[in-house]
Amino acid sequence: MSTLIMKFGGTSTGSEYALNRATELVFAQTGQWDHVIVVVSAMDGVTNLLLDCAELSLSSDFSAWEEKISLLRERLEGMIRSIFDGDRSRQPLLDLIYRRMVDLTNICQQIRIKGSIDPQDLDEIAALGERINAHVFSALLCKRGILSQAVEAINLIVTDTCHQSASPIQPETDACIKTLLSPLLAADTIPVVTGFIGATPEGKTTTLGRGGSDYTAAIIGKSLGADEIWIWTDVDGIMSTDPKLTSRARLIPEISYQEVYKLSYYGAKVLHPKTIRPACEDNIPIWVKNTFNTGSEGTRISKSQKPAMDTITAITGYINVILFTVQVEPGRELLMIKDQIHKHLVNRGIHILLSSLQEDEYTVSFAFDRKFLRRAIQVLIEAPILGSFDVPISQVQSTDNMAIIAIIGSEIHTSNIIQLKISTLLEKTGVHTHLMDRDTTPDCLVYLVNKNDVMTAIKNIHDEVIIHEQMIPFKAPSPIHHSELTLT
Ligand code: ADP
Ligand code: ASP
Ligand code: MG
């Protein structure tokens with residue numbers, strides 16, 4: 001039995017044109033595999049609009065909130081009227097949008113009465129985008145004559161209660177996926193599953209983290225023993241850097257799970273980092289493909305062999321970073337203190353981007369996304385950790401407006417040539433590096449720089465070191481013709 005998971009992101013479903021392309025792509029695969037399962041995220045920009053509604057429901061300007069909801073409703077209804085003109089799905093879809101907008105209004109009104117938003121409210125609201133789109137996508141497949149059914153992952157992905165960044169509970173999730181999807185597949189019906197969302201065992205809606213639909217595709221792929229997972233997006237595949245930063249970004253035809261994990265962990269939005277683990281555990285290849293350019297084969301992510309030494313595969317960056325520096329009494333065991341604090345921060349869900357210790361200054365430092373600031377302060381105040389090292393909270397200094405650059409390449413931390421090239425270039429272009437981390441992983445160099453410098457630094461390193469010196473090894477797999485690898 002061959003099984004394919006096809007995931008379509010917001011950009012691949014955000015307009016009538018995109019939806020038509022995406023459903024054509026599904027149609028093209030139906031005869032090629034025994035089973036095809038589709039996963040969709042919300043239409044482009046819809047999750048942000050929904051979350052804006054939640055924020056605005058607390059503001060004194062009531063009309064701004066009403067305007068946002070009308071804007072969203074008009075956009076969704078306009079698309080349905082146009083796509084399903086004269087089709088029998090049109091009215092049921094318009095009714096569905098109406099009901100979801102009533103749900104949105106009700107939750108926002110409750111937030112207004114409470115005077116505060118909790119993570120559970122945000123999950124209920126954020127999930128509405130996928131809970132509309134799966135039905136639209138499925139109806140469009142039916143319009144093309146393909147048997148299909150929308151499946152809301154609230155009944156499929158059973159998660160813990162960590163709202164906004166929930167993790168699936170594996171045995172329960174596996175059981176639900178098999179129970180709900182197998183009968184559909186047996187009846188040759190393509191399930192169109194909502195990405196990004198799940199529910200606790202008590203039935204409370206959760207989300208897997210922003211961009212989490214990719215992760216849903218991998219969770220389902222692993223449960224069903226899929227042969228391949230195809231992530232459809234708006235770029236040709238995994239590139240040497242974000243193509244929005246430089247037109248010289250190049251397609252990487254093949255890349256390892258490990259390298260993509262690092263790339264996405266350090267900010268490349270193209271794939272959610274959690275997608276990698278379920279696929280890697282069962283050796284399921286992931287392809288990243290362009291919905292709007294099927295002439296490009298895309299990127300194959302697998303346990304591929306390591307690229308040559310002294311090469312850089314890609315560069316990425318993370319903005320809005322804050323640095324915490326903890327001053328420790330001389331004579332204390334710095335490494336142990338760093339590891340303990342690191343563990344506490346990670347256990348509370350803080351995504352640490354860099355940690356380092358400075359022996360001469362008796363300090364340990366941690367850099368993370370600014371959105372975790374409040375939680376990090378709580379961890380440091382609440383946890384007995386600082387007290388146990390006799391470190392008062394006043395000894396913790398924060399530095400704002402920082403950014404991270406991560407350079408990914410095989411065994412890069414031992415490559416003096418690359419490190420020298422990068423530091424020379426950064427110096428030449430006036431970019432000051434505050435800290436560098438090369439201890440945590442052999443395949444990645446991480447630098448902390450000022451937020452204002454990050455775009456210039458990435459562009460310069462990319463264009464001067466990766467592209468100019470042609471350091472990306474081109475190991476094009478056989479179906480790819482070199483003419484398709486030209487620079488954009
Ligand atoms: P989707 O809506 O399909 O989930 P996303 O916006 O989440 O799409 O991810 C695709 C985007 O990721 C691209 O438009 C691109 O700007 C960005 N991106 C960042 N880094 C990279 C990279 N190294 N390669 C490809 N795309 C990247
Ligand atoms: N719609 C969700 C988001 O915008 C999930 C996703 O796009 O994968 O974060
Ligand atoms: Mg995405």
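Let's start inside helix H6 of this predicted model: its buried residues are Thr 173, Cys 176, Ile 177 and Leu 181. The cover over these buried residues of H6 includes strand S2 (35-40), strand S4 (190-194) and helix H7 (213-223).

H6 itself runs over residues 170-186, and its 17 residues reach 23 Å from first C-alpha to last, close to the 24 Å expected at 1.5 Å a residue. There is a bend along the way, of about 25 degrees at Leu 180, with a proline, Pro 183, following within four residues. Just after H6, Asp 188 takes a positive phi of about 60 degrees.

| Residue | Phi | Loop between | Other C-beta atoms within 10 Å |
|---|---|---|---|
| Asn 283 | about 55 degrees | helix H9 (276-281) and strand S9 (286-290) | 9 |
| Tyr 362 | about 55 degrees | strand S12 (352-358) and strand S13 (363-369) | 16 |

Asn 283 has its positive phi although it is not a glycine, and the residue is exposed. Tyr 362 is not a glycine either, yet its phi is positive; with its count of 16, Tyr 362 is partly exposed.

Now to ligand 1. Of the 21 residues around it, Gly 9, Thr 233, Met 239, Asp 242 and Ala 268 come nearest. The shell around ligand 1 divides into 8 nonpolar, 9 polar and 4 charged residues.

Stepping back to the whole chain, the domain assignment gives domain 1 (3-234) and domain 2 (314-467). Taken over C-alpha atoms, the centres of domain 1 and domain 2 are separated by 36 Å.

Notes
Residues numbered from 1 in each chain as written. Chains lettered and ligands numbered in written order. Predicted model: local features only at pLDDT ≥ 70, side-chain atom pairs only at ≥ 80, totals over all residues. Helix = DSSP H or I, 4+ residues; strand = E, 2+ residues; numbered from the N terminus. Expected span 1.5 Å × (residues − 1). Bend = angle between axes of the 7 residues up to and from the residue. Buried ≥ 20, exposed ≤ 12 C-beta atoms within 10 Å, placed from the backbone. Contact = placed C-beta atoms within 7 Å. Near = placed C-beta within 6 Å. Nonpolar A, V, L, I, M, F, W, Y, C, P; charged D, E, K, R; others polar. Domains from an automatic or database assignment.
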